[in-house]
Amino acid sequence: MTSWLGRVLEVEVGPVAHGGHCVARADGRVVFVRHALPGERVRVEVTEDNGGSFCRGDAVEVLSAAEARVEPPCPLAVPGGCGGCDWQHATPPYQRELKAAVVAEQLRRLAGIERDVVVEALEGGPLDWRSRVRLVAGQDGRAGLRAHHSHRVVPLEKCPIAVPGALDDVLARRWRPGTELEVTSDGDGTRHVRELSTVRGKVRARQLSGGVAVQHAAGRDWRLDAHGFWQVHPAAAPTLAAVVADWAEAPAGGSAWDLYAGVGLFASVLASQVGASGRVLAVESGRRAVSDGERNLADLPQVSWQAGRVEHVLEAAEKPVDVVVLDPPRKGAGKAVVESIVAGSPDRIVYVACDPAALARDLATFASHGYSLTDLRAFDAFPMTHHVECVALLS
């Protein structure tokens with residue numbers, strides 16, 4: 001088959017798909033189109049074609065625009081520009097509708113679950129929310145973000161979705177080409193910057209400012225590694241902790257597992273429910289996170305920590321368990337972890353997910369063991385991008 005790379009096609013844009021693009025068709029092939037909206041007619045330049053039944057492209061000209069189309073707030077959120085955002089060309093309410101459609105489609109296709117989905121906005125609006133940014137220096141030494149599906153660095157003057165002021169000093173200076181920079185703005189507004197460089201194949205980290213972040217959620221103050229895991233949107237951690245508190249219903253004196261626990265945000269919620277006579281097992285593979293978690297929850301002796309892979313730790317865990325909360329990485333929990341959870345015979349499972357496809361696959365596995373989806377909430381924890389945070393309740 002002759003490659004379509006660089007070819008310009010005129011297409012009618014179809015439904016949204018998972019990943020920040022929409023589906024169109026041309027000459028019997030599927031074209032995944034970025035920078036378009038459902039119902040539009042656009043000219044698409046093919047940017048990626050590996051043969052087969054589909055290719056990828058950017059909408060370089062809009063011939064018939066959707067009502068929800070707006071001018072992107074960032075001049076780099078265009079074809080060939082920065083790859084950090086997906087939906088700046090849509091109104092925020094319509095972005096949430098697109099994300100809801102994606103979640104519903106993934107549940108239907110991968111788990112056989114028919115469900116209406118509403119994506120809820122978080123406090124703070126669609127801009128100025130991103131508290132953690134990873135930049136890279138281009139050949140000219142200027143820091144920026146990579147273009148979509150590319151190693152090319154797009155230099156930044158500012159980023160409208162980042163916390164105001166967080167990137168100013170980093171973007172103002174020149175860096176050694178290839179240097180990566182992790183910038184975190186914590187709950188007190190303190191900025192933390194770490195430089196990552198590769199020397200003879202080894203990554204070396206150098207803390208340029210800060211290092212220990214302070215965050216606030218679930219009625220507690222948290223001190224943790226500034227570049228370890230914490231929710232990126234400032235309102236996400238408090239919101240998710242509140243949902244877990246509503247849905248977990250861990251009984252007083254009972255037992256609970258917090259899996260992929262990070263520094264123990266959800267473990268603290270579960271500990272307050274089971275009380276001093278209950279038990280909470282927090283499992284986390286990152287040893288620095290475990291150390292931070294033990295320090296932050298030192299006043300809760302009912303919480304015990306285990307460092308390691310979830311499925312391995314649960315082999316020796318005390319069973320049965322009343323409630324399980326899990327917040328796995330983007331790839332999801334997977335069959336082995338789901339089966340380890342099911343072996344504990346929990347009455348309720350609260351699953352926090354940052355990828356709807358991974359969530360749907362795991363829900364299908366849970367269903368094969370008799371657990372059904374009881375409730376679902378979805379949150380726009382990453383405005384302007386295609387990412388969405390979901391919380392599912394299983395019983």
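Tutor: Gladly; we will take the labels one by one and hold each against its definition. This is a predicted model, in which local features need pLDDT of at least 70 and side-chain atom pairs count only at pLDDT 80 or more, while totals for chains, interfaces and linings use all residues. Residues are numbered from 1 along each chain as its sequence is written, and side-chain values use heavy atoms, with hydrogens and water left out.

Student: Let us begin with the overall layout. What domains is the protein chain divided into?

Tutor: There are domain 1 (1-69), domain 2 (119-123 + 233-394) and domain 3 (132-215). Such bounds come from an automatic or database domain assignment. Taken over C-alpha atoms, the centres of domain 1 and domain 2 are separated by 38 Å.

Student: Which residues does UniProt list for "domain: TRAM"?

Tutor: The unreviewed entry lists residues 2-61. UniProt positions are given in the numbering used here, feature names are shortened, and annotations may be inferred rather than shown by experiment. That span is 0% helix and 58% strand, with its end C-alpha atoms 24 Å apart. Helices (H or I, at least four residues) and strands (E, at least two) are DSSP runs, numbered from the N terminus.

Student: Why is Glu284 called buried?

Tutor: Buried means under 20% relative accessible area, exposed over 50%, and partly exposed in between (1.4 Å probe, protein chains only). Glu284 has 13% relative accessibility, so it counts as buried. Glu284 lies in strand 17.

Student: Which residues are in contact with Glu284, leaving aside its neighbours within four places in sequence?

Tutor: Contact means heavy atoms within 4.5 Å. Among the partners of Glu284 are Tyr260, Ala289, Val290 and Trp305.

Student: Which residues of helix 5 are buried?

Tutor: In helix 5 (residues 287-296), they are Ala289, Val290, Asp292, Gly293 and Asn296. These residues cover an arc of only 165° around the axis, so they sit on the same side of helix 5. The arc is that of the directions from the helix axis to the C-beta atoms. Arg287 and Arg295 are exposed on the other side of helix 5. The cover over the buried residues includes strand 15 (220-225), strand 17 (279-284) and strand 18 (303-307).

Student: How do you know that Leu224 is buried?

Tutor: Its relative accessible area is 2%, so Leu224 is buried. Leu224 is found in strand 15, and its contacts beyond four places in sequence include Arg288 and Asp292. Leu224 and Ser291 are 67 residues apart in sequence and 9.0 Å apart in space, C-alpha to C-alpha.

Student: Which residues does the "binding site" annotation cover?

Tutor: In the unreviewed UniProt entry it covers Gln231, Tyr260, Glu284 and Asp327. Of these residues, the lining of the largest cavity includes Gln231, Tyr260 and Asp327. On a 1 Å grid over the protein atoms alone, a cavity is a set of points where a 1.4 Å probe fits but cannot get out, and lining residues have an atom within 4 Å of a point. Tyr260 is found in the loop between strand 16 (255-259) and helix 4 (265-274), and among its contacts beyond four places in sequence are Glu284 and Asp327.

Student: Where is Cys354, and why is Cys354 called buried?

Tutor: Cys354 is in the loop between strand 20 (348-353) and helix 8 (356-367). At 14% relative accessibility, Cys354 therefore counts as buried. UniProt lists Cys354 for "active site" in an unreviewed entry. Beyond four places in sequence, Cys354 is in contact with Pro328, Pro329, Arg330, Val388 and Glu389.

Student: What makes Glu389 buried?

Tutor: Its relative accessibility is 2%, so Glu389 counts as buried. Glu389 lies in strand 22 (residues 389-394). Not counting residues up to four places away in sequence, Glu389 touches residues including Gln231, Asp327 and Cys354.

Conventions
1 Å grid on protein atoms, 1.4 Å probe; cavity = no way out; pocket = protein on both sides within 12 Å on 5 of 7 lines; lining within 4 Å.
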